[in-house]
Amino acid sequence: MESSKRYLASILAVIFLGFLSSSTEASNNILVGGKMGWVSNPSENYTSWASRNRFNIADTLIFKYNKGQDSVLVVSEDDYDSCNTASPMKSMNDGESKFTFDRSGPFYFISGNQGSCQKGEKLYLVVITPKVSSPPTPSPPAAPLGSSPSPTAEINATPPTAPVPSTPSKSSSTTNSIVWVSALVSLLVVSVSLY
């Protein structure tokens with residue numbers, strides 16, 4: 001009897017830990033440039049470095065550099081291409097700047113020092129779009145063999161519509177959490193009944 005109680009307690013602990021790990025949002029803190037950080041004249045092009053990584057919404061880039069000697073600017077594509085530091089969308093200069101992605105798409109970062117940007121201290125990356133499943137689109141009924149579509153059918157046909165962008169839902173993580181909670185409650189009821 002005592003060993004079955006220990007076994008049940010172990011199972012409950014594993015399920016509880018699984019619940020905790022499944023209920024947290026996945027995001028990463030990513031150090032730009034690895035060990036070297038954000039430096040002028042990097043040994044590897046930052047965009048090449050970025051191509052080996054996968055960036056998601058809610059991930060955070062960490063730029064480490066010497067405060068007072070450098071900075072990080074979030075800029076437009078044109079300003080990135082020309083190393084234009086005059087009109088950034090955002091400027092960061094604290095020596096350990098953090099930037100969290102709030103959308104998918106391209107992002108452009110350059111050094112606040114134009115000369116450093118021209119030596120390669122700039123970063124272009126793309127944050128991936130979350131995969132959202134959509135219901136299959138029904139196909140129109142096929143015309144019977146040997147018949148041709150009537151001209152009236154073409155006139156009365158509904159014009160195609162553009163797909164409506166959808167926002168990612170949290171339903172799968174919510175469902176996952178409900179399953180874990182239900183399993184945990186069931187095991188607690190069973191363990192109480194064993195005593």
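These are my notebook entries on one predicted model, from the overall make-up down to single residues.

**Ground rules.** I number residues from 1 along each chain as its sequence is written. Since the model is predicted, local features need pLDDT of at least 70 and side-chain atom pairs count only at pLDDT 80 or more, while totals for chains, interfaces and linings use all residues, and side-chain values use heavy atoms, with hydrogens and water left out.

**Overall make-up.** I looked up the elements and got six helices and seven strands. For these I take DSSP runs numbered from the N terminus, with helices being H or I of at least four residues and strands being E of at least two. From the N terminus on, I read the order as α-β-α-β-β-α-β-β-β-α-β-α-α. Of the 195 residues, 27% count as buried; buried means under 20% relative accessible area, exposed over 50%, and partly exposed in between, with a 1.4 Å probe and protein chains only. I also checked contacts, meaning heavy atoms within 4.5 Å. Among contacts with a separation of 6 or more, 72% are between residues 24 or more positions apart.

Three strands make it up, in the order 1-2-5, with mixed pairing. Strand 1 (29-31) and strand 5 (96-100) each have a single partner strand, so one side of each lacks a neighbour in the sheet. Neighbouring strands here are turned by 25 degrees against each other on average, direction ignored; the axes are lines fitted to C-alpha atoms, and angles run from 0 to 180 degrees between N-to-C directions. I then went to strand 2 (residues 60-64), which pairs with strand 5 in the antiparallel sense over five bridges. Pairing requires that DSSP finds at least two bridges between the strands. Which residue of strand 5 stands opposite I62? I found K98 there.

**Strand 5 and T100.** Side chains in a regular strand alternate between the two faces of the sheet. In strand 5 the covered face has S97 and F99, and the uncovered one has E96, K98 and T100. T100 is partly exposed, at 43% relative accessibility. Beyond residues up to four places away in sequence, T100 touches A58, D59 and T60. The T100 and T60 side chains make a polar contact at 2.8 Å, that is, a pair of N or O atoms within 3.5 Å, where one must be able to donate a hydrogen and the other to accept it, and residues adjacent in sequence count only if both atoms are side-chain atoms. I also noted 6.3 Å between the C-alpha atoms of T100 and L61, which are 39 residues apart along the chain.

**The cores.** By nonpolar core I mean buried Ala, Val, Leu, Ile, Met, Phe, Trp, Tyr and Cys residues joined through side-chain atoms within 4.5 Å. The largest has 20 residues, and L61, F63, F109, L123 and L125 have the most contacts inside it. Helix 2 (46-51), strand 2, strand 3 (72-75), strand 6 (105-111) and strand 7 (122-127) each give two or more residues to this core. I listed the partners of L123 beyond four places in sequence; among them are V32, W38, L61, F63 and F109. A second, separate core of seven residues includes L73, Y80, C83 and C117.

**S111.** A polar atom of the S111 side chain lies 3.0 Å from the backbone nitrogen of N113.
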